[in-house]
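Please look through the model shown below with these numbered notes beside it. They are meant for someone who has not seen it before.

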Amino acid sequence: LRHWKDPEDLPLPNGWVKACNGHRSNPWFLDAMRTLLEISDGLASNAFGTHLGYGAALGNTLHWIDVEPMQNLQHLRPEKAKEEEAEWSERKRLARELRQTLTQTAAEQRAAVQALLDPYWGLTEKPDPEAMARLLRS
């Protein structure tokens, strides 16, 4: 899964095919992301984001691309820039932890990735079908 701003030549494992679900302003962005991840075996990333939660939930193999993501906050109001910087710092911390988990064996990796991402995506949550049906009808 390729971000629309990623460079063309990404260091991917042999045989991997690049795919992009478009820009986040597209109303079908998340639907397209999920569809691509459902038909994929793996996910390559250099940043902590929604795609990792989807990929982990769908059992995709994760390949980390060691390219530092960049963020430019100069056009934000100071209070918003501070908020974004705190979130960015947390994402970078989680990305460092994620890179560490990817040095483990495949079996250990899956459990470690699930444990790291679970607080953010609730990967271990198993919603009650009846409760979900009531929620969707309301």
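1. H3 crosses H4 in a right-handed sense; a crossing is right-handed if the near helix is turned clockwise from the far one by less than a right angle, and left-handed if anticlockwise. H3 covers residues 78-101 and H4 residues 106-121, and the two pack at an angle of about 165° with their axes 9 Å apart. H3 is therefore roughly antiparallel to H4. Axes are lines fitted to C-alpha atoms, for helices over the stretch in contact, and angles run from 0 to 180 degrees between N-to-C directions. Angles under 35 degrees count as roughly parallel, over 145 as roughly antiparallel, 65 to 115 as roughly perpendicular and the rest as oblique.

2. The model is predicted: local features need pLDDT of at least 70, side-chain atom pairs count only at pLDDT 80 or more, and totals for chains, interfaces and linings use all residues. Residues are numbered from 1 along each chain as its sequence is written, and side-chain values use heavy atoms, with hydrogens and water left out.

3. Which residues bring H3 and H4 together? From H3 come Glu90, Arg93, Leu94, Glu97, Leu98 and Thr101, which meet Gln109, Ala112, Val113, Leu116 and Tyr120 of H4. Contact means heavy atoms within 4.5 Å. By class, this contact of H3 with H4 has six nonpolar, two polar and three charged residues. Here Ala, Val, Leu, Ile, Met, Phe, Trp, Tyr, Cys and Pro count as nonpolar, Asp, Glu, Lys and Arg as charged, and the others, Gly among them, as polar.

4. H2 (residues 50-57) also packs on H4, at an angle of about 120° and with the axes 10 Å apart. That angle makes H2 oblique to H4, and their crossing is left-handed. Thr50, Leu52, Gly53 and Ala56 of H2 make the contact with Val113, Gln114, Leu117 and Trp121 of H4. The contact of H2 with H4 has five nonpolar, three polar and no charged residues.

5. Within H2, His51, Leu52, Gly53, Gly55 and Ala56 are buried, where buried means under 20% relative accessible area, exposed over 50% and partly exposed in between (1.4 Å probe, protein chains only). The buried residues of H2 pack against H1, S1, S2, H3 and H4. Just after H2, glycine 59 has a positive phi of about 80°.

6. The largest nonpolar core has 17 residues, and those with the most contacts inside it are Leu52, Leu62, Trp64, Leu98, Val113 and Leu117. Such a core is a set of buried Ala, Val, Leu, Ile, Met, Phe, Trp, Tyr and Cys residues joined through side-chain atoms within 4.5 Å. Two or more residues each come from H1 (29-38), H2, S2 (61-64), H3 and H4. Leucine 62 touches Leu43, Leu52, Leu98, Leu102 and Gln109, not counting residues up to four places away in sequence.

7. Serine 45 lies in strand S1 (residues 42-45). Is serine 45 buried or exposed? Serine 45 counts as buried because its relative accessibility is 5%.

8. The protein has five helices and two strands, in the order α-β-α-β-α-α-α along the sequence. Helices (H or I, at least four residues) and strands (E, at least two) are DSSP runs, numbered from the N terminus. Buried residues make up 28% of the 138 residues.
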